[in-house]
Amino acid sequence: MNRKYRKTVIAGNWKMNKTPSETKAFMNEFKTIMPKGRWCDVALCVPAVCIPAAVRAMRETRVGIGAENCNANASGAYTGEIAANMLVDAGCKYVILGHSERRAMGETDAEVNAKVLTALENGLVPILCVGETLEQRETGITNEWITMQIKSGLNGVAEDKIRKMIIAYEPIWAIGTGKTATAEQAAEVCTSIRTTVRHLYGARIARSITIQYGGSMKPGNAAELLAQPDIDGGLIGGAALKPEQFVDIINAANQE
Ligand code: PGA
């Protein structure tokens with residue numbers, strides 16, 4: 001973290017978990033134990049049908065609600081899809097884009113880029129996810145792969161818009177596996193992402209962009225990961241489903 005130059009953002013990614021009723025129960029419990037400090041921003045990205053319940057429950061708080069995907073088109077014949085302006089109208093502030101679980105379902109770099117542009121146009125904060133497979137890591141091409149994903153994800157993003165984005169580095173082999181990247185491994189890639197942003201947008205923007213780590217972040221390892229200067233927060237799956245664990249991670253981000 002480096003609070004002097006950029007925001008620390010702790011974001012939950014619920015994936016396909018929790019019903020609207022369960023969302024309400026979670027939010028009510030979370031609200032009672034949520035830290036009141038103002039160091040970091042907190043977001044919860046939830047299934048689309050849970051957005052209204054989440055927004056309603058968190059209205060009086062500074063927790064931002066987000067979605068887990070959006071369509072790149074403004075409107076039209078895309079059965080089952082959700083447009084960015086619908087998310088905004090429903091009260092969302094954030095949207096996760098290019099998560100590896102969606103890329104595994106066929107989402108391409110070009111599609112992720114189109115979604116990033118649409119989300120930004122609509123005033124959402126995109127959380128752009130990038131990450132390598134275990135095989136890519138073992139063959140030594142992690143940094144090249146991530147650089148390619150960043151370059152294509154940010155293609156056409158204007159300088160005044162890039163400041164609003166969050167980038168999440170999520171090594172695929174660490175997601176949901178309990179196998180966290182070491183703080184050194186995570187820091188190395190997050191630093192390399194910032195270098196790529198510097199080459200694309202200059203030093204001032206690179207210094208101000210929030211880069212999260214995601215992949216089995218939990219209360220036991222959050223503090224060490226967040227102590228790395230280039231890791232400005234977390235994108236948290238499993239541990240964001242339990243209010244007390246999520247709060248523990250927020251507390252780790254709020255350490256002096
Ligand atoms: P995990 O998921 O924390 O359960 O590993 C992270 C993510 O996929 O965003």
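## The ligand shell

The residues of the shell around the ligand comprise 4 nonpolar, 7 polar and 2 charged ones (Ala, Val, Leu, Ile, Met, Phe, Trp, Tyr, Cys and Pro count as nonpolar, Asp, Glu, Lys and Arg as charged, and the others, Gly among them, as polar). The model is predicted: local features need pLDDT of at least 70 and side-chain atom pairs pLDDT 80 or more, while totals for chains, interfaces and linings use all residues. Residues are numbered from 1 along each chain as its sequence is written, and side-chain values use heavy atoms, without hydrogens and water.

In total, 13 residues surround the ligand, each with a heavy atom within 4 Å of it. The closest are Lys15, His99, Glu170, Gly176 and Ser216.

## Polar contacts and burial

Polar contacts here are pairs of N or O atoms within 3.5 Å. A polar side-chain atom of Lys15 lies 2.7 Å from a ligand oxygen atom, and one of His99 lies 2.7 Å from an oxygen atom of the ligand. Gly176 contributes a backbone N or O atom, 2.7 Å from an oxygen atom of the ligand. Taken alone, the ligand exposes 280 Å², of which the protein buries 95% (Shrake-Rupley method, 1.4 Å probe).

## The barrel

In the order S1-S2-S3-S4-S5-S6-S7-S8, 8 strands close into a barrel with parallel pairing (strands are DSSP runs of E, at least two residues; a pair needs at least two bridges). From one strand to the next, the twist averages 25°, with angles running from 0 to 180 degrees between N-to-C directions of axes fitted to C-alpha atoms.

Strand S2 (residues 41-45) pairs with strand S3 (residues 63-67) in the parallel sense over 4 bridges. Within this pairing, Val42 stands opposite Val63 in S3.

How values were computed: A polar contact is a pair of N or O atoms within 3.5 Å; within protein, one must be able to donate a hydrogen and the other to accept it, and residues adjacent in sequence count only if both atoms are side-chain atoms.
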